[in-house]
There are 4 protein chains.
Amino acid sequence: MGQKHIAETRLKVRFAETDMMGIAHHANYLVYFEVGRITLSNELGAPYAELEKAGFSLAVSEVQLRYKTPAVFDQELTILAWMEKLGSRGLTIAYEVLDAASRDSLVTGATRLICVDRDGQVRRIPPFWFDAMQKGLGE
Amino acid sequence: MGQKHIAETRLKVRFAETDMMGIAHHANYLVYFEVGRITLSNELGAPYAELEKAGFSLAVSEVQLRYKTPAVFDQELTILAWMEKLGSRGLTIAYEVLDAASRDSLVTGATRLICVDRDGQVRRIPPFWFDAMQKGLGE
Amino acid sequence: MGQKHIAETRLKVRFAETDMMGIAHHANYLVYFEVGRITLSNELGAPYAELEKAGFSLAVSEVQLRYKTPAVFDQELTILAWMEKLGSRGLTIAYEVLDAASRDSLVTGATRLICVDRDGQVRRIPPFWFDAMQKGLGE
Amino acid sequence: MGQKHIAETRLKVRFAETDMMGIAHHANYLVYFEVGRITLSNELGAPYAELEKAGFSLAVSEVQLRYKTPAVFDQELTILAWMEKLGSRGLTIAYEVLDAASRDSLVTGATRLICVDRDGQVRRIPPFWFDAMQKGLGE
């Protein structure tokens, strides 16, 4: 039995991502999550681009976010992303955004994704991609 | 006993808001929700700018979104926003994004907001703003 | 000889568009210009979606912006957009962003666009779209 | 006489930055330029945050961009940024966006920045920041 794969991505809060409250605007964390998700699937050998080439997309169907501490301009962040659930037609990925230096937790969340074809119809995740992502569960 | 106030805002999906899946990127709905929230507080006579001038901000502490049908470029949307809960230190606002023409529901969600002062400390919502928002509950 | 068509679009600066300087971040004006450009082509009977359906896109090849006065949160803006030049393979559109109430000029600019096919090859603008846009020159 | 300092920043095109043309939306390059500019001032020992703390901001007054080749999702880019001109009240920074692997040039541009105080009045760049940035000119 293996261990759950946790992907880490480093990024810095961009000036354009701040708002007039002087902090990273809350919508940006969905973009940070997505960046973390791409790292995760790349690290598991299941690049998102391959899925797209095979005619499939992952549509976001649900999102939860919990904000604890705001991030500020030029702050270095670490985005953790890992597989929470993997089903035949969809998956749930969980995230934690940390201050890169202190590893204090700033934001947590999860996104549920559904596999769809080019007509937007729900489809089974193709085996090559499913098998690679399954390794991330570490079970 | 009055009725709950539901604010409606119209907007069109911008080209810059689309992604390579050909749909409005899912992070934009947090921005659309925020636009709806500003309309709601303006309509209730509690402009967000007044709160800011008084030294307070509303920090987003939690968000949920459920995506049913994707919106596409130049599609006209109606953003519904209404008060769900109002407490002394925070409030919950709920949203529904509709196709403006058919009024089909595309996305639903809610945000929990906490009143903070300029040092980020949790504070009571000032009475002038609380009272105005309370009318939105229609109770 | 007709008059040059100037399209007007109204929009309000969104909270998410502000930055920690308390103003609309300068990159947003390219998005505002694009919104104005879509209004212009819609008003001239040459919707951008029709061009896309015919297999063509307009790729931005050059941009200039001049910023005079910053816009702030919730400020209502008027985006003016008009045809500056129309060639067989490309066009230049000019813009002016005004405060909607005072009509003071805040930002001016122009974008040069090139017609490309789905492989990114430069192509002649299809006649149905060219003819519609030509009316906008008012010559 | 030293050499002009050219700052290099690496980044990957995010999914959220793509548009329905399947490429990085053209407005993102202003954000990439800004990221490169922050790296440049950090490397020259003139962090932007220090300027802000001293009560000054750099307001963007002019921008030019020239787009040659579009960047796509997950493409690794190198942002080059260097001082073009430094005056007592403002500066011009130039940029080139390269494909990180081939170093092919994708986009070039420049931004003119003006030093302003908290009331938006044009001011002399404070000496500590001016002197640090001057080293970047390599003259």
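In the predicted model described here, Gln75(D) is placed in the loop that joins β2 (56-67) to β3 (76-86) of chain D, where helices (H or I, at least four residues) and strands (E, at least two) are DSSP runs numbered from the N terminus. Local features of this predicted model need pLDDT of at least 70 and side-chain atom pairs count only at pLDDT 80 or more, whereas totals for chains, interfaces and linings use all residues. Residues are numbered from 1 along each chain as its sequence is written, chains are lettered from A and ligands numbered from 1 in the order in which they are written, and side-chain values use heavy atoms, with hydrogens and water left out.

Gln75(D) counts as buried because its relative accessibility is 16%, the class being defined as under 20% relative accessible area, with exposed set at over 50% and partly exposed in between (1.4 Å probe, protein chains only). A polar atom of the Gln75(D) side chain lies 2.9 Å from the backbone nitrogen of Val72(D). When residues up to four places away in sequence are not counted, Gln75(D) touches Leu11(D), Lys12(D), Val13(D), Pro70(D), Asp99(D) and Leu106(D), contact meaning heavy atoms within 4.5 Å.

Between chain D and chain A, 16 residues of chain D are in contact with 16 residues of chain A. The two chains bury about 1300 Å² between them, 60% of it on carbon and sulfur atoms; buried area is the accessible area (1.4 Å probe) that two parts lose on being put together, summed over both. Two salt bridges are counted between chain D and chain A, a salt bridge being a side-chain nitrogen of Lys or Arg within 4 Å of a carboxyl oxygen of Asp or Glu. Arg14(D) forms such a bridge with Glu17(A), with the closest N and O atoms 2.9 Å apart. On the side of chain D that touches chain A, the elements giving two or more residues are β1 (7-12), α1 (28-43) and α2 (48-53) of chain D, and α1(D) supplies the largest share, six residues.

Chain B is superposed on chain A by a rotation of 180° with 0.0 Å of shift along its axis (RMSD 0.0 Å), which is therefore the relation of a two-fold axis; copies are superposed by least squares on the C-alpha atoms of residues with pLDDT of at least 70 in both. The same surface serves both copies, as 100% of the contact residues of chain B recur in chain A. Among the residues of chain B, Gln64(B) comes closest to the rotation axis, at 2.3 Å (C-alpha).

Notes
Polar contact = N/O pair within 3.5 Å; in protein donor to acceptor, adjacent residues only side chain to side chain.
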